Amino acid sequence: MRCIADAAPSPTAETTYFKVGDNLYLRNFHPADVPRIAQITAEALNEHYDPSLYLSLSREWPEGYIVAVDRDGTVQGFLLGVCQVPSEGRVLMFAVEGAWRRRGVGGALMSTFFNRCRVKGLRRVTLEVRVGNANAIRFYNRFGFTMADLLRNYYSDGENGYQMARYL
Ligand SMILES: CC(C)(COP(=O)(O)OP(=O)(O)OC[C@H]1O[C@@H](n2cnc3c(N)ncnc32)[C@H](O)[C@@H]1OP(=O)(O)O)[C@@H](O)C(=O)NCCC(=O)NCCS
């Protein structure tokens with residue numbers, strides 16, 4: 001495993017690991033990550049997407065798709081960001097394995113995503129979250145996001161969502 005402590009993310013860093021903790025590294029998404037990401041998504045978000053979705057979304061902006069791995073190389077969290085609106089990044093999926101939460105994994109992923117957005121010249125980051133997901137909302141508040149809009153019946157089960165946003 002090649003590690004670069006405190007290095008700035010590189011646009012060609014697909015196989016480069018950035019050490020962000022004693023037992024935590026960040027790297028770009030790789031197609032082999034799909035089964036583990038699908039597992040984390042199912043457990044954390046109770047969502048079951050076609051695996052091809054994770055791959056097709058990775059092609060648009062590879063540097064926006066970041067995974068956190070432990071020393072053994074096991075993926076323990078990921079952030080899938082896209083850029084669909086000029087000058088804006090959007091967090092499409094974001095989850096950390098249950099046993100790894102509250103250990104800074106999500107924060108490391110989000111901070112790195114902000115940096116990559118800045119490198120790309122983006123000025124704002126948006127996301128959607130269930131109104132009942134109080135833990136995630138606390139996390140997003142901590143990272144500077146504020147409510148931008150109420151999205152009625154946004155989720156397939158009818159739950160409302162918030163769009164949240166922050167400027168970079
Ligand atoms: C949201 C999520 C990704 C955060 O990841 P994480 O690795 O636990 O986050 P961090 O450890 O970096 O937390 C950073 C800060 O956010 C806040 N925070 C995170 N989780 C929190 C919780 N459960 N309750 C209260 N505050 C919380 C705290 O301020 C925390 O700092 P602290 O631990 O020093 O108090 C994670 O909780 C998760 O995977 N949840 C399930 C999936 C989900 O809801 N994803 C978002 C969908 S929109």
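Is Arg 124 buried or exposed? At 18% relative accessibility, Arg 124 counts as buried, where buried means under 20% relative accessible area, exposed means over 50%, and partly exposed lies in between, computed with a 1.4 Å probe on protein chains only.

Good morning, colleagues. The structure above is a predicted model, in which local features need pLDDT of at least 70 and side-chain atom pairs count only at pLDDT 80 or more, while totals for chains, interfaces and linings use all residues. Residues are numbered from 1 along each chain as its sequence is written, and side-chain values use heavy atoms, with hydrogens and water left out.

I turn to the charged pairs. Side chains of opposite charge can pair when their charged atoms come close. The structure holds 7 salt bridges, a salt bridge being a side-chain nitrogen of Lys or Arg within 4 Å of a carboxyl oxygen of Asp or Glu.

One of them joins Arg 124 to Glu 88, with the closest N and O atoms 2.6 Å apart. This pair links distant parts of the chain, since Arg 124 is in strand β6 and Glu 88 in strand β5 (residues 88–96), 36 residues apart. Helices (H or I, at least four residues) and strands (E, at least two) are DSSP runs, numbered from the N terminus. Glu 88 also counts as buried, at 17% relative accessibility.

Next, consider Arg 130. Its salt bridge with Glu 47 has its closest N and O atoms 4.0 Å apart. Arg 130 lies in strand β6 (residues 124–130) and Glu 47 in the loop between α1 (34–45) and α2 (51–60), so the pair ties together parts that are 83 residues apart in sequence. Arg 130 is partly exposed, with a relative accessible area of 21%.

Arg 130 forms a salt bridge with Glu 159 as well, the closest N and O atoms being 2.9 Å apart. Here the link runs from strand β6 to the loop between β7 (146–151) and β8 (161–167), where Glu 159 sits, 29 residues apart. Glu 159 is partly exposed, at 23% relative accessibility. Through shared partners, salt bridges join Glu 47, Arg 130, Asp 157 and Glu 159 into one network.

Finally, the cysteines. How many disulfides does a search of the whole structure find? The search finds 0 disulfides, a disulfide being a pair of cysteine sulfur atoms within 2.5 Å. Cys 117 is buried, at 0% relative accessibility.
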